[in-house]
Amino acid sequence: QVQVRESGGGLVEAGGSLTLSCVASGPSRRYAMGWFRQTPGKEREFVASISWSGGSTNYADFVKGRFTISRDHSKNTMSMQMNRLEVEDTAVYFCATVRDTVSPGAPARELKEADFGSWGQGIQVTLSS
């Protein structure tokens, strides 16, 4: 099973920027990846996803125009550049890969949370006002 580990979280002032990274390891196979986030008392929510090729991306409405997801196959890494951060972006962010039953060619916009099967432990992003 693919394993993922997040890095890059921390404390930043509202309006600032932060880049999250996710390194994947394990069996060699093609898979889409995504970012989700969760705040205390709320369900985990989708943030962004990217297809295996990187040519297809999808974003939650609340991050469109502010966050950019990308991946680097040479480093087995997915990143998310977060700009114009808002206090409401404070959350634990999770990296995930889709299950091996999901087609590698599936467009990012068609992926659902249930399609993701390998999750990182999460990393805290805190915004100060």
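Which residue's side chain does a polar contact of 3.2 Å join to that of K64? The partner is D61, the two side chains being joined by a polar contact of 3.2 Å. A polar contact is a pair of N or O atoms within 3.5 Å; within protein, one atom must be able to donate a hydrogen and the other to accept it, and residues adjacent in sequence count only if both atoms are side-chain atoms. The structure is a predicted model, in which local features need pLDDT of at least 70 and side-chain atom pairs count only at pLDDT 80 or more, whereas totals for chains, interfaces and linings use all residues. Residues are numbered from 1 along each chain as its sequence is written, and side-chain values use heavy atoms, with hydrogens and water left out.

K64 is placed in the loop between strand 6 and strand 7. Strands (E, at least two residues) are DSSP runs and are numbered from the N terminus. From C-alpha to C-alpha, K64 and V47 are 9.3 Å apart in space, with a sequence separation of 17 residues.

Salt bridges were searched for over the whole structure, and 6 were found. The term denotes a side-chain nitrogen of Lys or Arg within 4 Å of a carboxyl oxygen of Asp or Glu. One of them is formed by D89 and R37, whose closest N and O atoms are 2.9 Å apart. D89 belongs to the loop between strand 8 (77–82) and strand 9 (91–98) and R37 to strand 4 (residues 33–38), so the pair ties together parts that are 52 residues apart in sequence. D89 is buried, its relative accessible area being 1%, and R37 is buried at 6%. Accessibility is classed as buried under 20% relative accessible area, exposed over 50% and partly exposed in between (1.4 Å probe, protein chains only).

Another salt bridge joins E113 and R44, with 2.9 Å between the closest N and O atoms. This pair links distant parts of the chain, 69 residues apart: E113 is in the loop between strand 9 and strand 10 (116–119), and R44 is in the loop between strand 4 and strand 5 (45–50). E113 is partly exposed, with a relative accessible area of 31%, and R44 is partly exposed, with a value of 30%.

R66 and E86 also form a salt bridge, with the closest N and O atoms 3.9 Å apart. Here too distant parts of the chain are linked, 20 residues apart, with R66 in the loop between strand 6 (57–59) and strand 7 (67–72) and E86 in the loop between strand 8 and strand 9. R66 is buried, at a relative accessible area of 6%, whereas E86 is partly exposed, at 35%. Through shared partners, salt bridges join R37, E45, R66, E86 and D89 into one network.

The loop between strand 8 and strand 9 also holds R84. Phi of R84 is near 50°, a positive value in a residue other than glycine, and R84 is partly exposed, with a relative accessible area of 48%. N76, in the loop between strand 7 and strand 8, likewise has a positive phi, near 50°, and is not a glycine. The relative accessibility of N76 is 43%, and the residue counts as partly exposed. K75 is found in the loop between strand 7 and strand 8 and is exposed, with a relative accessible area of 59%. The C-alpha atoms of K75 and L18 are separated by 20 Å, the two residues being 57 residues apart along the chain.

N76 is also among the residues nearest the centre of the largest pocket, together with A24, R29, Y31 and W52; the lining comprises 14 residues. Strand 3 (18–25) and strand 7 each supply at least two residues of this lining.

S56 occupies the loop between strand 5 and strand 6 and is buried, with a relative accessible area of 16%. A polar atom of the S56 side chain lies 2.8 Å from the backbone nitrogen of A108. With residues up to four places away in sequence not counted, S56 touches S49, I50, S51, P107, A108 and R109, where contact means heavy atoms within 4.5 Å. For the pocket described above, the search used a 1 Å grid over the protein atoms alone: a pocket is an open set of points where a 1.4 Å probe fits, with protein on both sides within 12 Å along at least five of seven lines, and lining residues have an atom within 4 Å of a point.

Terms used. Helices (H or I, at least four residues) and strands (E, at least two) are DSSP runs, numbered from the N terminus.
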